[in-house]
Amino acid sequence: MSRSADLPGYSRSVYAEDHALLTPESRVWAPNTYGWQNSLTAHLITPAKGPHFTMYLAHMKEASKASQLNPNVERFVFVVEGNIQVKRTTGSKTIDLAANDYAYFPPGSNDTLTSVMGAGLCIFERVYSKKGKPGFQHGTTDDRPVLPVDPEVFVLRKLLPVSDEYDFNIHVMDFEPGQYLYVKEVHYNQHGLLLLQGQGIYRLGNNWYPVQAGDAIWMPPFVLQWYAALGSQNSRYLLYKDTNMDPLLSP
């Protein structure tokens with residue numbers, strides 16, 4: 001990283017009307033926000049500027065806890081580092097999750113999250129917009145099947161079922177150094193992205209941004225988007241994408 005990152009007032013973060021790059025030095029951490037105990041959260045994307053979802057990071061300290069309180073909200077939790085436990089209200093089962101594991105909590109869930117030793121999480125939430133009954137999901141990223149993406153060359157895994165009752169999915173995309181998106185995408189779907197590993201160049205509209213692990217990106221509908229992986233390490237990013245929605249009827 002350039003030493004300019006140490007300059008007073010310097011930040012790589014950019015907010016524009018059609019995209020945002022949100023880098024670690026710009027995050028504002030708040031203690032014990034709604035539903036989180038002995039934890040810090042940093043909200044990166046919220047409906048305040050138009051998105052229909054929130055994306056935030058949570059730093060769970062030792063002996064921390066979180067619950068899902070609003071019955072209309074669905075939540076996806078990805079473990080970036082550390083370990084958490086999911087306490088299910090159905091059957092009183094406890095599920096252990098480590099780095100690269102995930103869990104989806106449907107609307108109305110009363111399950112709780114705890115961490116004994118602490119953990120770093122990436123969380124996506126939205127008000128459920130369909131009339132189905134999606135079920136609780138959990139798993140490990142690398143256990144998910146690799147899906148065909150021809151003519152693209154990246155590795156794609158989807159962490160949620162593609163069935164109609166789910167109104168979003170979470171993609172994990174892996175690139176080797178030098179690989180890039182074949183399609184320069186413009187579409188109606190909204191995205192929230194966290195770069196988990198590696199570095200590269202992200203094009204957003206007519207802007208080209210160097211990005212690295214820890215950076216987050218907001219992409220609203222119809223912004224031109226493209227990525228190329230650079231450096232010596234594979235890139236991996238986590239991507240929210242609304243799915244199974246009629247573009248005419250979707251917000």
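This is a predicted model: local features need pLDDT of at least 70, side-chain atom pairs count only at pLDDT 80 or more; totals for chains, interfaces and linings use all residues.

Trainee: Fine. Is Leu159 buried or exposed, then?

Mentor: Leu159 has a relative accessibility of 1%, and because the cut-off for buried is under 20%, Leu159 counts as buried.

Trainee: And where is Leu159 found?

Mentor: Leu159 sits in the loop that runs between strand E13 (155–158) and strand E14 (168–175).

Trainee: Which residues does Leu159 touch, if I skip those up to four places away in sequence?

Mentor: With those set aside, Leu159 touches Phe76, Phe78, Tyr102, Thr141, Arg144, Asn169, Ile170, Val172 and Leu238.

Trainee: Which residues have the most contacts inside the largest nonpolar core?

Mentor: They are Met55, Phe76, Phe124, Leu159, Ile170 and Leu238, in a core that has 23 residues. The elements that give two or more residues to this core are strand E4 (36–45), strand E5 (53–67), strand E6 (73–82), strand E9 (101–105), strand E11 (119–127), E14, strand E18 (216–219) and strand E20 (235–242). Apart from this core lies another one, of 22 residues, and Leu181, Leu193, Leu204 and Trp226 are among its members.

Trainee: New topic, sheets. What is the strand order in the open sheet of 7 strands?

Mentor: The order is E1-E2-E18-E15-E20-E14-E13, and the pairing is antiparallel. Strand E1 (14–16) and E13 stand at the edges with a single partner strand each, so one side of each has no neighbour in the sheet. From one strand to the next, the twist averages 15°.

Trainee: How many bridges join E13 and E14?

Mentor: E13 and E14 pair over 4 bridges in the antiparallel sense, and in this pairing Leu156 stands opposite Met173 in E14.

Trainee: And the open sheet of 3 strands, what is its order?

Mentor: That sheet reads E17-E16-E19, again with antiparallel pairing. Its edge strands are strand E17 (207–212) and strand E19 (225–230), each of which pairs on one side only. Neighbouring strands there are turned by 20° against each other on average, with direction ignored. Strand E16 (residues 199–204) pairs with E17 over 6 bridges, and Leu204 stands opposite Asn207 in E17.

Trainee: Which residue takes a positive phi in the hairpin of E7 and E8?

Mentor: Gly91 takes a positive phi near 80° in that hairpin, which has 6 residues between the strands. Strand E7 (residues 84–87) and strand E8 (residues 94–97) pair in the antiparallel sense over 4 bridges, with Asp96 in E8 as the bridge partner of Gln85. E7 also pairs, in the antiparallel sense and over 3 bridges, with strand E10 (residues 112–115), where Thr112 is the bridge partner of Lys87.

Trainee: Why does Thr112 count as buried?

Mentor: Thr112 counts as buried because its relative accessibility is 16%, and the cut-off is under 20%. Leaving out residues up to four places away in sequence, Thr112 touches Lys65, Ala66, Ser67, Gln85, Val86 and Lys87.

Trainee: Zooming out, how many helices and strands does the protein have?

Mentor: The secondary structure comes to 0 helices and 20 strands. Of the 251 residues, 49% count as buried, and among contacts with a separation of 6 or more, 69% are between residues 24 or more positions apart.

Trainee: What is the radius of gyration?

Mentor: The protein has 18 Å, which agrees with the value near 18 Å that a compact globule with 251 residues would have. Along its principal axes the C-alpha trace spans about 50 × 45 × 35 Å, and the accessible surface comes to about 12,200 Å², of which 53% belongs to carbon and sulfur atoms.

Methods:
Residues are numbered from 1 along each chain as its sequence is written. Side-chain values use heavy atoms; hydrogens and water are left out. Buried means under 20% relative accessible area, exposed over 50%, partly exposed in between (1.4 Å probe, protein chains only). Contact means heavy atoms within 4.5 Å. Two strands pair if DSSP finds at least two bridges between them. Axes are lines fitted to C-alpha atoms, for helices over the stretch in contact, and angles run from 0 to 180 degrees between N-to-C directions. A nonpolar core is a set of buried Ala, Val, Leu, Ile, Met, Phe, Trp, Tyr and Cys residues joined through side-chain atoms within 4.5 Å. The radius of gyration is taken over C-alpha atoms; the globule rule is 2.2 Å times the number of residues to the power 0.38. Accessible areas come from the Shrake-Rupley method with a 1.4 Å probe; for residues, only the protein chains shown count as cover.
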